[in-house]
2 protein chains.
Amino acid sequence: MRFTINTELFVKGLSIAGRAVAAKSANPILLSVKLEVSGKGLSITGTNSEISISTTIPNTVDGREVLRNTSLGTALIQARLLTDVIRRIDSAEVTVEIIDGTIAKIDDGKSSFKLFCMGGDEYPDIDFALEGRSFTIPATVLSEIVDQTAFAALSKDGKPILTTINLKGDGEHLVATATDSARLSKKVIETDAGANISCNVPAKVLAEIVKLPDPRDSVEISVDADRAVFVFGNTVVACRLIPGDYPVSANIIPTAFSYFLEVNSHEILSAIERLSVLSVGVAPVVKLSMSEKGVEVSSGYSQTGSGVERINTFQYEGERLDIAFNSTFVYEAIRALGGEDVSFSFIGEMKPFVIRNPNDESAVELITPMRTR
Amino acid sequence: MRFTINTELFVKGLSIAGRAVAAKSANPILLSVKLEVSGKGLSITGTNSEISISTTIPNTVDGREVLRNTSLGTALIQARLLTDVIRRIDSAEVTVEIIDGTIAKIDDGKSSFKLFCMGGDEYPDIDFALEGRSFTIPATVLSEIVDQTAFAALSKDGKPILTTINLKGDGEHLVATATDSARLSKKVIETDAGANISCNVPAKVLAEIVKLPDPRDSVEISVDADRAVFVFGNTVVACRLIPGDYPVSANIIPTAFSYFLEVNSHEILSAIERLSVLSVGVAPVVKLSMSEKGVEVSSGYSQTGSGVERINTFQYEGERLDIAFNSTFVYEAIRALGGEDVSFSFIGEMKPFVIRNPNDESAVELITPMRTR
């Protein structure tokens, strides 16, 4: 195998496929990328137990030759090592040549590296074929869906299905739901794409995937019983799904409320951020105290002390209400909504409450309050 | 105790004194800063076993009132907590008031925090008095001395004296020397300041101290048997010295050489950096191969592979010479010299060699080579 390639595109391809390569593994094959030169170009593949990524650099891009001097073949090279070397190459082009199947010679005329490598035959077979139901959405929309929901999934050990984002299409809407059981995040997109789809994609994996496409790309997603495949540009990503029925029904979000608060997002975020300084080594709990006369956010801890923040700009409707919650949950929810203002709707002190962007009804955040003394 | 203070200056003062506060300690007093309001202003003090820092914010700066509404007193407040709160205060002014000796109330009219605190009497007595011989040098010169030598001191456990920078004045020069026994860095400043001074200041402490002054400051340094005191602006720093004779004499640097190489600093640094990618989990060793026909830098490791870098721009005088060394040592030395070009002077394959900036003879780096197979 041999090729001479545009260094910048090679770095970009290695960084895309490298996202699927484990940082640590006892199996050197899983620490490698597979390089394959075929008539289509150079494909770079990485895989781990959760996700596999393959990206292809074609012979020409926009009519410009970016890959030349090729001879067909495959090789496995340590992913981090190869990426670190190529990233530091000064020249615009670099040549890679496999010698005796065991040495990858990398040369730009100034730097000459010989990295140990393995034959491509030792790499696991990965099925990137598009099977099952499929639909296509813009990369920016997929990215927005994931950014607004992934944070609410369980990030630590626990029920595997709670670490996922559930994607469900009914022919008119695509609904994404994530919950760690103390909070829930739901995003609804009006689209006929994804009809009759329902799958549970690990949230961390999806958060990685949405970083990869160019914003102008469309993403084709195909779902079968146990895996989803994402195709965009010259890249294909396969990931395993978590089986089982998602534990939350679509109508869990309450609709009748007795208390309504609207505040400036920046003001309440910075108040929560200041108070979070006090929660050293314990869960950050904040109490929101509301009446038509004033709104305050406060916290108190036995180790450090207490704090009260006055919210200057607000609209409030309802009786006086005090409600306490994990402030990280509310902070992340407001950030995910991304609006200038944020609206809270409450049923009562111990009932889950709803946070929305008043100017964008597509996303909704549901949070369970905490009991305070 | 009570004061209303310019928030920005308070943050700056806390960050200066906070550099002496331990990140972890079983003793809460050592995790605190001492605040003291006196007629002179607000002084903020931090201390650990190695270094103590006290900085004073006066009542006025350039005729502008920055501290007002004061009542005298002292208090100890958790340093990180206080700094984190004050750093996030939105207002230009903030008021701190000690209530019942146990609560520090922090208020800017919008945020109101109550942090637990202790009485100032519990703080250790720290001697910041200037005693012994003293001299004054510009802060920028002290900073340059430390930047060009500190990296060569021992950073890990070992002989304590090797973790220091030795400062020695003979009435005409001030000489700073640091060595970890495999490399040595020496910087000579022509000055009559510091005559008859010789002291061993921990290199890490000195590297912290030189970050603190304003570049326009002068630093007065006074040295007695077991401590040095540094005074600049409104800040005073006391640190303990390491006793004993510094183990390196001034004339350790060889003066007669048989081989001379001059290269562009950037070119050799980037070659060393690329080769360092290959040294995963082992000491980075580089071989420099020189003749009048060409200069190459190379590395080889059993785990990863090998690399050769051609140096395009060089001047070399001497027979053919191959010499191997710890590439981190040479990398750090070239960076510390800070010149466009760098000159190497060699005696032979296994003799310590000298690196200099050809346009600045004030600093010299001595490095012991390594044996290669």
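This is a predicted model: local features need pLDDT of at least 70, side-chain atom pairs count only at pLDDT 80 or more; totals for chains, interfaces and linings use all residues.
Student: Let's start with a hairpin: how many residues lie between β22(B) and β23(B)?
Tutor: Helices (H or I, at least four residues) and strands (E, at least two) are DSSP runs, numbered from the N terminus. β22(B), residues 295-301, pairs with β23(B) in the antiparallel sense over 7 bridges; two strands count as paired if DSSP finds at least two bridges between them. Together β22(B) and β23(B) form a hairpin, and the number of residues between them is 3.

Student: What kind of model is this?
Tutor: On naming, residues are numbered from 1 along each chain as its sequence is written, and chains are lettered from A and ligands numbered from 1 in the order in which they are written.

Student: What is the mean pLDDT of chain A?
Tutor: Start with the scores for the model, which are ipTM 0.88 and pTM 0.91. In chain A, 99% of the residues reach a pLDDT of 70 or more, and the mean is 95.

Student: Which strand of chain B do 5 bridges join to β11(A)?
Tutor: Take two facing pairs: A:S111 stands opposite B:E309, and A:F113 stands opposite B:G307. The strands run antiparallel, and the partner of β11(A), residues 305-311 of chain B, is β23(B).

Student: How many residues of chain A are in contact with chain B?
Tutor: Contact here means C-beta atoms, placed from the backbone, within 7 Å. The chain B side of the contact has 23 residues, and so does the chain A side: 23.

Student: How many residues on the side of chain A that touches chain B are charged?
Tutor: Among the elements that each supply at least two residues to that side are α2 (79-88) and β11 (111-119). Sort its residues into nonpolar (Ala, Val, Leu, Ile, Met, Phe, Trp, Tyr, Cys and Pro), charged (Asp, Glu, Lys and Arg) and polar (the others, Gly among them). You get 7 nonpolar and 7 polar residues, and the charged ones number 9.

Student: What kind of axis relates the two copies?
Tutor: Superpose the copies by least squares on the C-alpha atoms of residues with pLDDT of at least 70 in both. Chain A can then be laid on chain B with an RMSD of 0.0 Å by a turn of 180 degrees and a shift of 0.0 Å along the axis. The copies are therefore related as by a two-fold rotation axis.

Student: Which residue of chain A comes closest to the rotation axis?
Tutor: The same surface serves both copies, with 100% of the contact residues of chain A recurring in chain B. At 15 Å from the axis by its C-alpha, the closest residue of chain A is A:A23.

Methods:
Two residues are in contact if their C-beta atoms, placed from the backbone, lie within 7 Å. pLDDT is the predictor's confidence in each residue, from 0 to 100.
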